[in-house]
Amino acid sequence: MSGSTKTLQDLTAQDYKYGFTTDIEADTVPKGLSEEVIRIISAKKGEPAFMLEWRLKAYRHWLTMREPTWANVRYPKIDYQDIIYYSAPKSVGEGPKSLDDVDPELRRTYEKLGIPLQEQKLLAGVAVDAVFDSVSVATTFKEKLRSLGIIFCSFSEAAREHPDLVQAYLGSVVPYSDNFFATLNSAVFTDGSFVYVPKGVRCPMELSTYFRINAADTGQFERTLIIADAGAYVSYLEGCTAPKRDKNQLHAAVVELVALEDATIKYSTVQNWYPGDKEGKGGIYNFVTKRGKCQGRRSKISWTQVETGSAITWKYPSCILQGDDSVGEFYSVALTNNYQQADTGTKMIHIGRNTRSTILSKGISAGHGQNTYRGLVKILKGATNARNYSQCDSLLMGDKCGAHTFPYVEVKNSTARLEHEASTSKIGEDQIFYCRQRGLSAEDAVNLIVNGFCKEVFRELPMEFAVEAQKLLGVSLEGSVG
Amino acid sequence: MAKNNGKAKAAAEQEPMLAIRGLKAKAGGKEILKGIDLEVRAGEVHAIMGPNGSGKSTLAHVLAGRETVEVTDGQVLFEGKDLLAMTPEVRAREGIFLAFQYPVEIPGVSNMYLLKAAANAVRKHRGQPELDAMEFLALVKERMGLMHMDQALLNRSVNEGFSGGEKKRNEIFQMAVLDPRLAVLDETDSGLDIDALRVVASGVNALRGPERAMLVITHYQRLLSHIVPDRVHVLAQGRIVRSGGRELALSLEEKGYAWLEAEGRDTPAPAGAR
């Protein structure tokens with residue numbers, strides 16, 4: 001009799017609690033992708049001409065590309081003509097208005113998600129940009145930030161109001177031709193967040209974007225661009241959820257970060273897209289390109305991600321360490337339960353001298369989940385005294401899941417120093433029993449063990465979100481002890 | 001009033017803390033315990049001795065609620081309550097502590113953190129307020145002296161990289177912090193050298209008291225010359241074949257288990273157990 005296996009299964013079976021839909025009238029373009037659709041999107045957003053040109057260039061290039069198949073994930077072929085590329089709540093109209101004008105239905109949606117859009121109710125010290133399907137519906141604390149010269153707004157607004165900045169940096173880290181999904185995004189991206197922190201300014205609050213996919217058959221293609229000018233500091237967090245739907249939905253986002261001399265960008269993600277049901281039906285395909293460029297000397301980019309949602313995650317937040325003495329970091333917890341699949345990791349490209357990078361990846365697999373770490377550390381010829389430390393740990397729960405590790409290393413400079421450590425362990429029935437014998441419930445025991453495993457990554461998250469992440473992990477694992 | 005209290009006290013003295021009746025249990029599809037009867041009163045220390053495979057550890061696992069062991073017959077009352085109906089964590093909160101034969105490692109979880117979660121789970125169950133970090137630290141420091149524990153062990157991950165002796169010491173230290181009513185020590189002496197054995201035994205002895213009962217499971221007599229039991233029971237082939245005072249342990253040391261094992265085969269199942 002294996003009673004505790006049952007406990008483990010019960011524990012990871014909890015429902016996705018953000019699976020509701022919002023009934024709201026939407027302005028939608030017809031399904032499918034064509035130059036026409038791209039022109040419509042660009043026109044709807046009132047974009048400057050260079051944006052439309054850029055989109056069309058990307059689209060034409062995309063037509064020549066093939067969907068990548070190297071990732072360790074399985075899914076049926078995506079019909080790109082069966083996706084709606086633009087859907088916006090009608091009430092939003094041309095673009096975000098003042099917070100008071102936000103449609104009450106939308107406001108209720110974000111309140112249900114725990115993201116109130118009234119500034120007085122917000123977490124102290126966090127400014128939020130809320131993206132609903134294809135558009136940004138609200139951005140909080142804009143004025144306060146503006147007084148410091150910080151620009152925090154939707155991408156559409158940035159393209160209209162700050163075209164010089166957008167034109168200078170858009171595609172400078174992830175070019176339109178980068179990869180299949182990023183190129184698709186470049187052609188059709190609808191909104192996202194834009195951040196510019198001027199020279200020497202330390203952003204006094206966390207900036208946060210909350211992404212929500214609502215409409216059915218809709219893809220979300222957002223694009224985020226963050227620029228930290230010389231000596232600036234910014235910490236940014238993104239969160240995301242989607243309703244439960246039987247059909248898979250595509251989320252192909254691009255994030256570009258640029259850190260100039262002595263600037264620091266800390267980018268944290270708590271990803272909780274709908275993962276599909278227990279049989280693996282439905283869920284989000286999260287095919288995302290995230291990359292940061294440490295352009296200036298002594299600049300630093302730090303990625304922290306907690307990935308618990310999505311049916312499939314395909315994502316490699318990376319750092320190009322171009323400036324001498326620049327630093328790249330990647331801290332990741334990826335959890336796959338039921339039939340979720342994750343192929344995630346990072347790339348650290350060392351170009352400048354004395355560049356340093358740290359990779360810390362924690363993969364947790366439960367149920368039938370498949371979890372792959374894929375990472376590249378590349379030391380170019382000029383990267384004298386480059387250093388990298390990588391650690392990849394996998395935790396397995398039950399005997400139907402899998403953990404895989406693919407670390408790639410390319411070194412062209414003999415002064416480089418690289419360290420790599422890896423481990424795989426299993427949550428044992430004996431560990432759970434041990435904790436229960438000390439008085440902890442089975443749920444608490446699993447949470448304790450999993451949080452112990454992830455501790456080093458959670459440490460990197462901003463305080464409020466570390467607590468959130470711990471809870472989320474607990475919820476995502478409920479029913480999976482087995 | 002006074003009379004009633006006196007009566008209640010007398011009754012409590014008579015009632016065993018732990019009453020095992022006709023207990024049969026299977027592990028791995030095989031019947032291991034074939035009818036155990038045992039009573040332990042508050043304040044008593046009982047030793048369970050027996051050769052390998054006699055069912056000693058299975059008995060400990062039944063008491064703690066390990067799900068790999070299936071109880072097929074019999075009854076276990078703990079302070080008058082049906083122990084077998086409780087989950088392992090409720091048993092722990094009710095005051096049953098098992099010092100594991102093989103303490104488990106939990107990477108990334110500090111010893112201190114687990115212990116605080118455990119102590120507060122027990123306190124909550126008893127209706128006591130939970131301890132904050134400072135109060136808990138004070139309690140821990142006091143109990144640490146008892147086990148000659150190095151404070152560094154507290155901040156290390158639970159049992160990870162501990163030596164055999166450190167693990168066993170850590171078990172008794174946890175027991176000291178959690179303050180159980182009934183402590184079951186499952187071969188706590190195995191793998192200990194004589195110095196470590198002394199430290200562990202003196203820790204256990206310091207925790208003896210009129211409110212607490214202990215079940216000391218061991219293969220060897222040597223532990224019992226440090227922890228002197230009130231009663232000794234010999235388990236063979238899933239039954240208690242002989243019970244006596246501590247002199248029984250000494251004669252086992254001399255004669256071995258063979259003569260009692262033979263007895264175990266011949267003895268019919270005790271009355272009341274089918």
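What share of the contacts in chain B with a separation of 6 or more is accounted for by residues 24 or more positions apart? In this predicted model, such residues account for 72% of those contacts. Chain B comprises 274 residues, of which 44% are buried. Its secondary structure consists of 10 helices and 12 strands.

One of the sheets to be described is an open sheet of four strands in chain B, arranged in the order 2-1-4-5 with antiparallel pairing. Its edges are formed by strand 2 (30–40) and strand 5 (81–82) of chain B, each of which pairs on one side only. Strand 2 of chain B is joined to strand 1 (residues 18–27) of chain B by eight bridges, and the two run in the antiparallel sense. Within this part of the sheet, Lys26(B) is placed opposite Glu31(B), a residue of strand 2 of chain B.

The contact between the two chains draws 21 residues from chain B and 21 residues from chain A. On the side of chain B that touches chain A, two or more residues each are given by helix 3 (88–94), strand 7 (106–110) and helix 4 (111–125) of chain B. Helix 4 of chain B provides the largest share of this side, namely five residues. Classified by residue type, the side of chain B that touches chain A contains 14 nonpolar, two polar and five charged residues.

Conventions. Residues numbered from 1 in each chain as written. Chains lettered and ligands numbered in written order. Predicted model: local features only at pLDDT ≥ 70, side-chain atom pairs only at ≥ 80, totals over all residues. Buried ≥ 20, exposed ≤ 12 C-beta atoms within 10 Å, placed from the backbone. Contact = placed C-beta atoms within 7 Å. Nonpolar A, V, L, I, M, F, W, Y, C, P; charged D, E, K, R; others polar. Pairing = 2+ DSSP bridges.
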